[in-house]
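Here is a short briefing for a reader meeting this structure for the first time. Look it over, then work through the topics below.

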Amino acid sequence: MVKRKNAVLKLRAQGARNGIETLTVGAVGLLFIMLVNLLRPDEISIFEIFLVSLCLAAIFVGFLKTQEPFYSLVITEKELTYQHKYGCWCVKQENLNYSGIPKVEQELEQLELNAVGIKLNDTDEFLLQLGPRIAGKLLIEQRHLFMQVIQKHCKNGNCPSEWSVEDNHYTSVNGRSFNGLIAMFANRMRHLRQLTGYDLLLPASVLDRSIWDFSHSLNAWRNNPVVFIESQLESKTPENRR
């Protein structure tokens, strides 16, 4: 296998694909229905109203898809970058301890979260490069996943207050202080590690494959980033290589 200089693996989320196509189909369908109704004297039927609703929904969904970054994850030999429309965060290869699927207990069952968990070696290193804008957005977007995690500790409805409302002050084990949204995100990370063993979550919606496959891929990247990236690039078709 010939090594590519500065090889980069770019992954596109399954949920972000076909945005332009969805928007176009919805717009064309809506235009067609409007033209049909303009050219005939009859009143619009319930079925046509239903079709208009579908077209509007397709336009809305397609628009949302086009607002997402084209690539949600970029992996190099040195770091993993998660790209969000509100910013990005990075995890260096040597800072990744391991990845897996967070599990929660519900009654007699053990359920897996629909996300990949990441455990870090040094949380301070991660927090120092995290922007407040993306931190605040992820606190909101991933709250439903965090609430699933704490359900097993709140069966009687009494949850510790610090779990439901993140403090805006945080001091790491190394004595470094954080404030504001970064501190709130750091406290969420601390609670998540306490309950699941992981610091970060990558929801299935931002991945290009199943959560189990991606977790395995991250561990393979941690163990040997060069071999992993080259093997992934070799498996891609020529038109998908960058």
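Buried means under 20% relative accessible area, exposed means over 50%, and partly exposed lies in between. By that cut-off Phe-178 is buried, because its relative accessible area is 8%. Keep in mind that this is a predicted model.

**Overall build**
- The chain contains 9 helices and 11 strands.
- It has 242 residues, and 40% of them count as buried.
- Among contacts with a separation of 6 or more, 69% join residues 24 or more positions apart.
- The accessible surface of the chain is about 13,800 Å². Carbon and sulfur atoms hold 57% of that surface.

**Aromatic pairs**
- The structure has 5 aromatic pairs.
- One of them joins Trp-89 and Phe-126 edge-to-face. Their centres lie 5.5 Å apart, with 70 degrees between the planes.
- Trp-89 sits in strand 4 and Phe-126 in helix 3 (residues 123-128), so this pair ties together parts 37 residues apart in sequence.
- Both Trp-89 and Phe-126 are buried.
- Tyr-170 and Phe-178 form a tilted pair, because their planes stand at 35 degrees. Their ring centres are 6.2 Å apart.
- Tyr-82, Trp-89, Phe-126 and Phe-185 make up one aromatic cluster.

**Helix 4 and its cover**
- Helix 4 spans residues 132-141. Its buried residues are Ile-134, Ala-135, Gly-136, Leu-138 and Leu-139.
- Which elements cover these buried residues of helix 4? They include strand 3 (79-84), strand 4 (87-92), helix 5 (143-150) and helix 7 (180-196).

**Salt bridges**
- The structure holds 5 salt bridges.
- Asp-199 and Arg-193 meet through their side chains at 2.7 Å, N to O. Asp-199 is buried, because its relative accessibility is 4%. Arg-193 is partly exposed at 32%.
- Arg-209 forms a salt bridge with Asp-208, with the closest N and O atoms 2.8 Å apart. Arg-209 is buried at 17% relative accessibility, and Asp-208 is buried at 15%.
- Glu-112 and Lys-103 form another salt bridge, at 3.9 Å, N to O. Is Glu-112 buried or partly exposed? Glu-112 counts as partly exposed, because its relative accessibility is 38%. Lys-103 is also partly exposed, with a value of 38%.

**Arg-222**
- Arg-222 is found in helix 8 (residues 211-223).
- It is partly exposed, because its relative accessible area is 22%.
- Its side chain makes a polar contact of 2.9 Å with the side chain of Asn-223.
- Which residues does Arg-222 contact beyond its neighbours within four places in sequence? They are Gln-93, Leu-96, Asn-97 and Tyr-98.
- The C-alpha atoms of Arg-222 and Glu-94 are separated by 7.3 Å, although these residues are 128 apart along the chain.

**Surface patch**
- Leu-31, Leu-35, Leu-38 and Leu-39 make a nonpolar surface patch. The patch covers about 480 Å².
- Leu-31 belongs to helix 1 (residues 19-38).

Definitions and conventions. Residues are numbered from 1 along each chain as its sequence is written. This is a predicted model: local features need pLDDT of at least 70, side-chain atom pairs count only at pLDDT 80 or more; totals for chains, interfaces and linings use all residues. Side-chain values use heavy atoms; hydrogens and water are left out. Helices (H or I, at least four residues) and strands (E, at least two) are DSSP runs, numbered from the N terminus. Buried means under 20% relative accessible area, exposed over 50%, partly exposed in between (1.4 Å probe, protein chains only). Contact means heavy atoms within 4.5 Å. A polar contact is a pair of N or O atoms within 3.5 Å; within protein, one must be able to donate a hydrogen and the other to accept it, and residues adjacent in sequence count only if both atoms are side-chain atoms. A salt bridge is a side-chain nitrogen of Lys or Arg within 4 Å of a carboxyl oxygen of Asp or Glu. Patches are made of residues with over 30% relative accessible area and no salt bridge: like charges are joined within 9 Å, nonpolar side chains (Val, Leu, Ile, Met, Phe, Trp, Tyr) within 5 Å. Accessible areas come from the Shrake-Rupley method with a 1.4 Å probe; for residues, only the protein chains shown count as cover. Rings of Phe, Tyr and Trp (its six-membered ring) pair if their centres lie within 6.5 Å; planes under 30 degrees apart count as stacked, over 60 as edge-to-face and the rest as tilted.
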